[in-house]
Amino acid sequence: MSGAVSQVLGPDVPHLDIDAMLADRSVQVIVCCGSGGVGKTTTAAALGLRAAEQGRHVCVMTIDPAKRLAQSMGLTELDNTPRPIDGIANGSLSAMMLDMKRTFDEIVESHSDAERAQTILDNPFYQALSSSFAGTQEYMAMEKLGQLRAASDTGDNWDLIIVDTPPSRSALDFLDAPKRLGSFLDGRLIRILAAPAKGAGRFTSRVVSASFGVFTNVLSKIIGAQVLKDIQVFVASFDALFGGFRERAEATYAQLKAPDTRFVVVAIPEADALREASYFVERLEEEKMPLAGMVLNRVSPGHAPDLTAEAAEAGAEVLDDLEEDPITAGLLRLHADRMLAIRRQSHLTESFTAAHPQVPIVAVPAFGDDVHDIDGLRAIGDAATA
């Protein structure tokens, strides 16, 4: 680890060996997770590039709507189909950006005949569900991961898939939302709405229809008759697919617990980000999911650590009093600010490592500019393995 950033981590903190993880051919899925704005997308892309340049065949899936991954890899855009990145000498690298509605549409099209699929795709309730329903993006991220795994098993030559998780309010949403959406699609309300279409005996059908009439009258007053009709048409067309959603969610969730998966928590040395990282580590431990460790991004690099912030500030004040060398005085104050930032980051990181002493960490320094090309991604990868 670079001495310029190692000051933030204590000497007893276990080190996350990125190169060892990427070189391990038994590792086939890496999930980068953490709260929003901590550099998950850049980390995922940098890990993918480094693995590819070491000879692996990698697909990186991002859910970043800002499209930074495409820009950093020299592409004008990314879509729901993996695109190969040129110029990788040893292995190969492909990248894609999740289109949650397109992924949902693909599921409908692949599990329905053409007429029923079109009925579902044209339904207003389905269009709202597939575009903006809470949890849809996270669920579709898992669906797409399952599709990529199946493709790598049957033709596409990927031996490593790296997932950049959605920019959710909480990193835990990536684990919880797919279960919630699967439960909704296979839940009691949907089954009640589907009941009249299924029917049973003649007497049972009359009882169900009468009960359902009372229920729908109440429901139509709450949500509107047209919305209710859209939902009923959706349920009638979509019924054959309900069970598959929960089954696939459970299968992909099991994949996340498999021995060939690794979770990498990404954080920055700020209180909110480390708090989210702590929650996520605890959840992964509860679920017995394979945590590789944490990438601590944007650590303030420090030079001349023996020159404390107080000493630097005192030196600047002496130069001010002498009215000499204002440039040196300014540099001393910059150093003092940097050392104070390192002290604050160290204190915050110590709280995390005290709670999770077993979690390996690698610190990556803050870069002056945003990463916008392959060389920038390569520099991130170099810094994470220095």
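Buried here means under 20% relative accessible area, exposed over 50%, and partly exposed in between, with a 1.4 Å probe and protein chains only. Strands (E, at least two residues) and helices (H or I, at least four) are DSSP runs numbered from the N terminus. This is a predicted model, where local features need pLDDT of at least 70, side-chain atom pairs count only at pLDDT 80 or more, and totals for chains, interfaces and linings use all residues. Residues are numbered from 1 along each chain as its sequence is written, and side-chain values use heavy atoms, without hydrogens and water.

**Stop one: strand β1**

Select residues 29-33. Five of the five residues of β1 are buried, so the strand is largely enclosed by the rest of the structure.

Look for V163 of β5 opposite V31. Next show β6, residues 261-267, parallel to β1 and joined to it by five bridges. There, V265 is the bridge partner of C33.

**Stop two: the cavity**

Select I18, T43, A46, L47, R50, V295, N297, V364, I380, G381 and A384, which line the largest cavity. Elements giving two or more residues to this lining are α3 (40-53), β7 (291-299) and α17 (374-384). The biggest contribution, four residues, comes from α3. A cavity is a set of points on a 1 Å grid over the protein atoms alone where a 1.4 Å probe fits but cannot get out, and lining residues have an atom within 4 Å of a point.

Notes:
Pairing = 2+ DSSP bridges. 1 Å grid on protein atoms, 1.4 Å probe; cavity = no way out; pocket = protein on both sides within 12 Å on 5 of 7 lines; lining within 4 Å.
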